[in-house]
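Here is a structure to look through together, question by question. Have the view open and follow along.

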Amino acid sequence: MAGENGEAVRNKQVIFRDYVSGFPENTDMEVRESTMKLRLLEGSNGLLVKNLYLSCDPYMRFRMTKPNVPVYVEPFRPGSPITGYGVARVLESGHPNFKKGDLLWGLTGWEEYTLITAPETCFKIEHTDVPLSYYTGLLGMAGMTAYAGFFEVCSPKKGETVFISAASGAVGQLVGQLAKLFGCYVVGSAGSKEKVDLLKNKFGFDDAFNYKEEQDLDAALKRCFPEGIDIYFENVGGKMLDAVLLNMKLRGRIALCGLISQYNLEQPEGPYNLMNLILKQVRMEGFLVFDYYHLYPKFLEMVLPQIKEGKIVYVEDTTEGGNVGKRGGL
Ligand SMILES: NC(=O)c1ccc[n+]([C@@H]2O[C@H](COP(=O)([O-])OP(=O)(O)OC[C@H]3O[C@@H](n4cnc5c(N)ncnc54)[C@H](OP(=O)(O)O)[C@@H]3O)[C@@H](O)[C@H]2O)c1
């Protein structure tokens, strides 16, 4: 491959231009070409990688906001390539855990080649008998989020009722399938008829509804859960969270995974119905997937055989072009 012996190669990059307020626009990013020498500096413990798949994830939106409070997720740097999860091949390694030719997933750059300076945050890909792109979603950060959020935060019991919002997304589709395999009654919400069909017919949810077509979210939830909800896997926030709070069962659990409906708002909405947490003794807990990465081997052990047996399926939204791709749930 051109450049593998240390000469300079073209490196096409997606540059973050400046901090964003409201909805991001194409003009907040620009594609640039630079050159890069494919050789590690003497003594470096980094990795030089060729990026194969890049993931576009909702948390990246708040990395685009100028921080005015202490943050736990570092903002992007204006003028630098966007960073995010991806799958890459190691071209040169200064780190004992990786060697030339290895495949990995982890934080990399939206560019053709990246120098990864913190290889200890990357996971070596050992199982290549599944599509490599799965490591940007189902078998990567999103999958771990579903697994940790459901089993570690929601403390599920067989037979419980589970509601998942943004249910056809990368996280939601796996939460629903894990909950079904575990023996729960599972309902999801999504934003189109096609997605609702997928939830019911491909991912095996017991029921699903299109939240954009429901006049009254409280009534929709009462229709699906006449006895109430034991577990809510929260991906969206806003009006949906308020409606769910009215429908939680006694000692229910809410895993606060994400609030995607709020990320582009200048002024966050609600919630207004928090009194229900007290009256029904509901536990609502936020979590970050990074705290659970030590469970990754256990997650793979559980989920890989289910994928191979077709008991867990995955639908990706992938774009190919100019060496910069995108994945995501739907
Ligand atoms: N806590 C953590 O460590 C962690 C880690 C990963 C992800 N997350 C969170 O988990 C959630 C899901 O992530 P993902 O990777 O599954 O996302 P994804 O695959 O990109 O799917 C996101 C989906 O959210 C829905 N959505 C967008 N805007 C919405 C709105 N205003 N109201 C309601 N739904 C909206 C859309 O589906 P519809 O067409 O159905 O609306 C969209 O396809 C996000 O909130 C994310 O921030 C948290």
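Q: Is Thr35 buried or exposed?
A: This is a predicted model, where local features need pLDDT of at least 70, side-chain atom pairs count only at pLDDT 80 or more, and totals for chains, interfaces and linings use all residues. Residues are numbered from 1 along each chain as its sequence is written. A residue is buried if 20 or more other C-beta atoms, placed from the backbone, lie within 10 Å of its own, exposed if 12 or fewer, and partly exposed in between. Because Thr35 has 11 C-beta neighbours inside 10 Å, it counts as exposed.

Q: How is helix 2 oriented to helix 8, parallel or perpendicular?
A: Axes are lines fitted to C-alpha atoms, for helices over the stretch in contact, and angles run from 0 to 180 degrees between N-to-C directions. Helix 2 (residues 141-153) and helix 8 (residues 296-308) pack at about 90°, their axes 10 Å apart. Angles under 35 degrees count as roughly parallel, over 145 as roughly antiparallel, 65 to 115 as roughly perpendicular and the rest as oblique. Helix 2 is therefore, relative to helix 8, roughly perpendicular.

Q: How many nonpolar residues are in the contact of helix 2 with helix 8?
A: Gly143, Met144 and Tyr147 of helix 2 meet Tyr296, Phe299 and Val303 of helix 8. Ala, Val, Leu, Ile, Met, Phe, Trp, Tyr, Cys and Pro count as nonpolar, Asp, Glu, Lys and Arg as charged, and the others, Gly among them, as polar. The contact has no charged residues, one polar, and as for nonpolar, five.

Q: Which residues of helix 6 are buried?
A: Helix 6 spans residues 238-245. Its buried residues pack against strand 8 (161-164), strand 9 (185-190), helix 5 (217-224), strand 11 (229-234), strand 12 (248-256) and helix 7 (275-279). The buried ones are Met240, Leu241, Ala243, Val244 and Leu245.

Q: How many residues does domain 2 give to the contact with domain 1?
A: The domain assignment, automatic or from a database, gives domain 1 (8-136) and domain 2 (141-289). Their C-alpha centres lie 31 Å apart. Domain 1 brings eight residues to the contact, and domain 2 brings seven.

Q: What is omega at the cis peptide bond between Gly270 and Pro271?
A: Pro271 lies in the loop between strand 12 and helix 7, and Pro268 is found in that loop too. Pro268 counts as exposed because it has 12 C-beta neighbours inside 10 Å. For the cis bond joining Gly270 and Pro271, omega is about -5°.

Q: What is the phi of Ser155?
A: Ser155 is in the loop between helix 2 and strand 8. With 14 other C-beta atoms within 10 Å, Ser155 is partly exposed. Although Ser155 is not a glycine, its phi is positive, at about 40°.

Q: Where is the pLDDT below 50?
A: The predictor's confidence in each residue, pLDDT, runs from 0 to 100. The protein has a mean of 94, and 94% of its residues reach 70 or more. The stretch below 50, which has 22 contacts in the model beyond near neighbours in sequence, is residues 323-327.

Note on methods: Helix = DSSP H or I, 4+ residues; strand = E, 2+ residues; numbered from the N terminus. Contact = placed C-beta atoms within 7 Å.
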